[in-house]
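Subject: Handing over the two-chain model

Hi there,

Here is the structure I promised to pass on to you. Have a look at it before you read the rest of this email.

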Amino acid sequence: MRPELKEKIEQRENTLNRVIELLISSLQLDHSSEELDPDTPLFGTGLGLDSVDAVEIVVALESEFGISLEEGDSMFALRTINSLVDVVLRQSEDNLDDRN
Amino acid sequence: MTETEVGYHAIRNSVAFAEEPELRCLQLTGSQAFDALDTVCPCDIFLQDGQMKHTLLLDDTGIPFADVYVCREGENAYLLGYGPSADEIINWITDHAADVSDFSMTDLSKSHDSLALDGPYAWELCAEVFGSDVLGLPYLGMRILDKLLVFRAGRTGEYGYHLLLPIHEKDVYLEKLLDIGRTFEMACADMAVRDQCVLENFFFDINREGQHGLTPLELQLQWRLSSQKTTYPGAQAISALRESGWTRRLTCFTTPELVNADAEITCDDEIVGHVLVAGYSPARGDYVGKALLCQPYWHAGLDAFQVGGIPLKTISAPAVDNLSLKVSPYRHSFHTRTEDLI
């Protein structure tokens, strides 16, 4: 495997694991990390979270990753675990670009 | 526009209807109706009145053979979903819940016809045709209005309702629906159109990826299973797989051209998986699909793949942003949609 692909996969995997652990701890989910699939829906079906949980997630993401969700973005960013990972990776990249 | 395009446009922008003879609905009655469901379903059967839960029916090897909702209405339980015939499901439940005696099952398709309404304004049309009580129905909620059974679910990512109409009253309801539906630019959406939307939204389809002998762990459907329950059909197989680990996973992807089902997916000339299903996404203007990818290539956000020279990129599901996420029954209306600035 090419080193840049390996690095990208590791980065994705690490962020995914951190987001899953964050969801479990901040929402006190009764699941192990292995039971949460990346494309699990967060609201309605899937984990069945509610609007209070959404606030918890936004606060936890800011605390853990230093990222903030814009109001317009949050509707789509909070659809699945993977969509949260996308936002974290994208904002981390943006923050890195800003610093450079 | 072709009929298919009209149907698709209606699902994504207004409301579409379809007869759904493929939808199964069983009513379970008796003091042990919920015990019977609890015996055969892999999810926890804690349901409040009017609540639905999305789950699966698994064979003894842990492979899903039916995509179902379990529902409670008063003292009765309902099993709604797709897969085998109602008779086959009844026989399977009878076999697997042999220790549960006080319950009986009725196939409601013998007395009711099923109709699906999907679209960002399905709620508004439903309320005008069937009464404003429908507006208060939350996602994964059910209600009986007179003799009409209303289930709010759907697999298109838009507001969705499954309606079970008494056969002898169907024509009356249908006439009213078509009449009022005209003011909503309602169109008919056949199964191919609805399948297209199911694919875009990465909903599980028992008739497509459900035919490949994959477990809920490989299908990313663990949320349909209880993490505590240990005694449902297939539980031992699921438990063994959780212990040993699994090495392939269903992943959403996009391609600029159509790729064939079963086509091999490569990464630097190494075969890393294959396509299970793919189709055109009008909302995106490219092709979306589901691939079975091996670890560690099974992640979203990777653009390192090829299918016979066509580049393939994995993405987070769903593949589309649904208008229904922005439409609120409390603030919006189909009739004022241009002023609503959604």
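Below are my notes on what was found in it.

A few ground rules come before the findings. This is a predicted model, in which local features need pLDDT of at least 70 and side-chain atom pairs count only at pLDDT 80 or more, while totals for chains, interfaces and linings use all residues. Residues are numbered from 1 along each chain as its sequence is written, chains are lettered from A and ligands numbered from 1 in the order in which they are written, and side-chain values use heavy atoms, with hydrogens and water left out.

**Where the chains meet**

Let me begin with the interface. Chain A contributes 28 residues to the contact and chain B contributes 35 residues, where contact means heavy atoms within 4.5 Å. The size of an interface is often given as the accessible area lost when the parts come together. Here chain A and chain B bury about 2600 Å² between them, with 55% of it on carbon and sulfur atoms; buried area is the accessible area (1.4 Å probe) that two parts lose on being put together, summed over both. Asp37(A), Asp39(A) and Arg79(A) provide 22% of the area that chain A buries against chain B, more than any other three residues.

Between chain A and chain B there are 16 residue pairs in polar contact, both residues being at pLDDT 80 or more. A polar contact is a pair of N or O atoms within 3.5 Å; within protein, one must be able to donate a hydrogen and the other to accept it, and residues adjacent in sequence count only if both atoms are side-chain atoms. On the side of chain A that touches chain B, the elements giving two or more residues are helix 1 (3-27), helix 3 (71-77) and helix 4 (81-99) of chain A. Helices (H or I, at least four residues) and strands (E, at least two) are DSSP runs, numbered from the N terminus. Helix 1 of chain A gives the most to this side, with 6 residues.

The interface of chain A and chain B also has 2 salt bridges, a salt bridge being a side-chain nitrogen of Lys or Arg within 4 Å of a carboxyl oxygen of Asp or Glu. Lys8(A) and Asp303(B) form a salt bridge through their side chains (3.9 Å, N to O). A network of salt bridges links Arg2(A), Glu4(A) and Asp268(B).

Over all chains, the structure holds 21 salt bridges. In one of them, the closest N and O atoms of Asp113(B) and Lys170(B) are 3.4 Å apart. Asp113(B) lies in strand 7 (residues 112-118) of chain B and Lys170(B) in helix 5 (residues 170-181) of chain B, so this pair ties together parts that are 57 residues apart in sequence. Lys170(B) counts as buried at 13% relative accessibility, whereas Asp113(B) is partly exposed at 24%. For these words, buried means under 20% relative accessible area, exposed over 50%, and partly exposed in between (1.4 Å probe, protein chains only).

Arg337(B) and Glu185(B) form a salt bridge too, with their closest N and O atoms 3.3 Å apart. Arg337(B) is in helix 8 (residues 337-340) of chain B and Glu185(B) in the loop between helix 5 and strand 11 (187-188) of chain B, so the pair ties together parts that are 152 residues apart in sequence. Arg337(B) is partly exposed at 31% relative accessibility, and Glu185(B) is partly exposed at 48%.

**Strand 7 and its neighbours**

Strand 7 of chain B is mostly covered, with 6 of its 7 residues buried. What does strand 7 of chain B pair with? Strand 1 (residues 16-19) of chain B runs antiparallel to strand 7 of chain B, joined by 4 bridges, and strand 10 (residues 160-166) of chain B is also antiparallel to strand 7, joined by 7 bridges. Two strands pair if DSSP finds at least two bridges between them. Leu117(B) in strand 7 stands opposite Phe17(B), and Asp113(B) has Leu165(B) in strand 10 as its bridge partner.

**One last residue**

His332(B) sits in the loop between strand 17 (310-315) and helix 8 of chain B. His332(B) counts as buried at 13% relative accessibility, and its side chain reaches the backbone nitrogen of Ser328(B) at 2.8 Å.

Best wishes
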